[in-house]
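Take a walk through this structure, one part after another. Begin at one end of a chain, then turn to where the chains meet.

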Amino acid sequence: MVLQLFDDDKTDSGPKGVVPLISYLRSRQPCTSAKFQQVPDTWQAFSLPVKMSPLSTALSLLLWTCSAVASSSNCCYTSSAWLTRRLEKDGFHRDLVTSVQLPWSPSLADCRLLLVERLPAGVYADPYQLARLPSAQHKVLGLVDVEAMAHDSTWLDVLSWVEVNVTEGEVSGQVTATVSLPVHARYHRADETERIASVYIESPRLFLGCDWENQPDTQPSIEAESPTVDSDDCKCDEKEPFPCRIASDAVCEYHAVQTDNSPTVVLPVPLGDLRDLELVLVGTAVAVTAGTVLLLLVINNKTLESPARHR
Amino acid sequence: MTTHHVLAAFLIRLAFIAYGEYQDSVMHVPYTDVDYHVFTDAAAYVARGHSPYRRATYRYTPLLAWLLVPTELCRTFGKLVFSALDVAVGALVYRLARLEGHSRRIAVSCAALWWYNPLPIAVCSRGNAESLVLCLLLYCLYLCRRRLLLLAGAALGLAVHVKIYPAVVAPALYWSLGEGSGVRRWLLPNAARLRLCGAAAVTFLSLTVGCWLIYGDEFLQETYLYHLTRRDVRHNFSVFFYALYLTEEWGHWSLGLVTFVPQLVLVLALAVRFHRPRHLLFCAFCQVYVFVTFNKVCTSQYFLWYLSLLPPVLPRLSCSYLEGGLMLGLWYFAQASWLLPAYLLEFEGRQVYRLVWAESAAFFCANVGILARLIRKYDAPTAAAVAEGGGRQPSERDQSRGKADGEPRSQTSRAKPQHQQQTVKHRNKRGGKVN
């Protein structure tokens, strides 16, 4: 919302003038709270060791803001994303393709997108297959029984990491990230009336994990010439811990990204027909029995060695 | 001459392995089978000191994972081992054919049917481990024919530890070592039987107990119990698959055991009929064929189990080339006609379960028909008839190869005393002439 200030300003030199400055200061709020703090509170957060004249204070603030912006945007991303979802291929083996569109903000630099998919019991992702993919961006949380039927299984969480394309964002003002997750349908129980079972895959939760958020030594430094950001000033709510990288055990903080829509995809799975039950049981029994009897007869009547030998 | 074939066979497999690596890296559809990844992942766990059963769907002996530990360094090591074993299968086919009394030329032709057969070439270069158990079973049969019973028992014990199905030849082996008649022949152990069974039991038990001590109940569950009680409802060649899928809701694990009855009955019937040492190879072939055809799960890898036993018995089948070609064509056609609806089901999501089942039943009937025909056409000449100088007409196959049956006997001096020995020893109740 308020960060649209920066969307118009391509040179990334920060707002000019005091009025935009104050709006900017207002904008540096916790991500999920929409209310604005009074400017005096913000003033207090940035306390000066020496009482200065208002003009020099304003100039210092300007300097601070510019340097803060120039050193990139270490603040919570508050725009919302637009999701597009579709299932590619046919049959039991599909690719779940998700496109995420994000309005650009410098807050996105040095950040990674994290999609948290909750797959229903009717489908699964094979963790070993995912580990073999060249993109190496998916991780299954927990254990998967790849052979279980749908009613014997439960939901599954899959994490997908996507890098944010900074150059694309700066140029076009928008970032698009696409993720493809191979999923497999489970066998569903046969039914008398239904021919197809529909598996509904809900939209994923979106998170952003930024380097600045997880630096161990981000401290407010008032004495420094170009003061570093006080990350407490700009904390995000709705944070959740997830692995920092796909291969690491270290845990980082990721903050949630709102989505404007929640598309659901449907995977149709063909079902066996229970009305066939009698036919199949009888047919199988007849075929197997006939086969057994035939072979027993042939074996019994087989004469070996001399024709005179009978069994 | 066989050395050239052995080298050529291995080089062909190497070439396919190399091609497979290329296809894996470049194309979307991988060449390597999923099973190979299961093996190498399990081997990776073992290399790090864990249990191979941490790898989901690893349902084999831990020995296989141990064997494949070098795949940590060389990714295709497993495929190389399987290819070498596959070439060894061909060599064993050659040795078995020679033991059966066939000439070197015929024996090489039999082995060539395996060495240059695209099916085993594809299977081992894709990374399936079938060649390990095939090698062990063929070696066991070879050792039995050579009367090296302790080793044969050890080979059988190891084979059954790797895969359960070689156990089907056990009754036939036991009865093939019988002497006399009645209870003594059919039931009571003698020195030979004790050697065979003792070695098999010791090998199998020590391997099982050893692995259980290391890996616990998980080993027993994954390696043995799973295969005995599994009711895999996903579509496969087996005629039982749809019945098992539809009854899944009321299914009890005991249903999985009921399907063993026809297999058991037929395997025993074949053993009763064909247990004589000279029919042992054909007996094993028929038993494994029956086991696979009547099994509740059947995938294309299983076909190699009996296909590896077919080449050494081929010279004894009095089928014409036309008939043989027709049977082979029928077998392939039945498979292909199953693969079509299976593809439509799995990769297009069409509701074709009934059609897949019909094709499974048709494939089942085709296999039963082919086996019945092969049993009828199995023409075993007796040593006595041959000694009398042509008690049996050479089959058309032998004729086309320009070989009369009498000739090979002189070349295989080892086989001869064995047959003569048994002519003396084995007389059935009716006192008729026996092999």
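**From the chain start to the interface**

Residues 1-22 of chain B are 95% helix and 0% strand, with end C-alpha atoms 32 Å apart. Helices here are DSSP runs of H or I with at least four residues, strands are runs of E with at least two, and both are numbered from the N terminus. UniProt lists this span, residues 1-22 of chain B, as "signal peptide" in an unreviewed entry. UniProt positions follow the numbering used here, feature names are shortened, and annotations may be inferred rather than shown by experiment.

A word on the model. It is predicted: local features need pLDDT of at least 70, side-chain atom pairs count only at pLDDT 80 or more, and totals for chains, interfaces and linings use all residues. Residues are numbered from 1 along each chain as its sequence is written, chains are lettered from A and ligands numbered from 1 in the order written, and side-chain values use heavy atoms, leaving out hydrogens and water.

Further along chain B, the unreviewed UniProt entry places "transmembrane region" at residues 148-175, 196-215, 250-272, 279-305 and 325-345. Look at two of these spans. Residues 279-305 of chain B are 63% helix and 0% strand, and their end C-alpha atoms are 18 Å apart. Residues 325-345 of chain B are 100% helix and 0% strand, and here the end C-alpha atoms lie 31 Å apart.

Now pick out one residue. Leu339(B) sits in helix α19 of chain B. Is Leu339(B) buried, partly exposed or exposed? Leu339(B) counts as partly exposed because its relative accessibility is 46%. Buried means under 20% relative accessible area and exposed over 50%, with partly exposed in between (1.4 Å probe, protein chains only). Leu339(B) and Asn236(B) are 103 residues apart in sequence, yet 9.4 Å apart in space, C-alpha to C-alpha.

Next comes the interface. In all, 58 residues of chain B are in contact (heavy atoms within 4.5 Å) with 44 residues of chain A. The rule finds 5 salt bridges across this interface (a side-chain nitrogen of Lys or Arg within 4 Å of a carboxyl oxygen of Asp or Glu). Glu147(A) forms a salt bridge with Arg234(B), the closest N and O atoms being 3.6 Å apart.

Which elements of chain B supply at least two residues each to the side that touches chain A? They are α2 (34-47), α13 (241-246), α15 (260-274), α19 (321-348) and α20 (353-377). The largest share, 10 residues, comes from α20(B).
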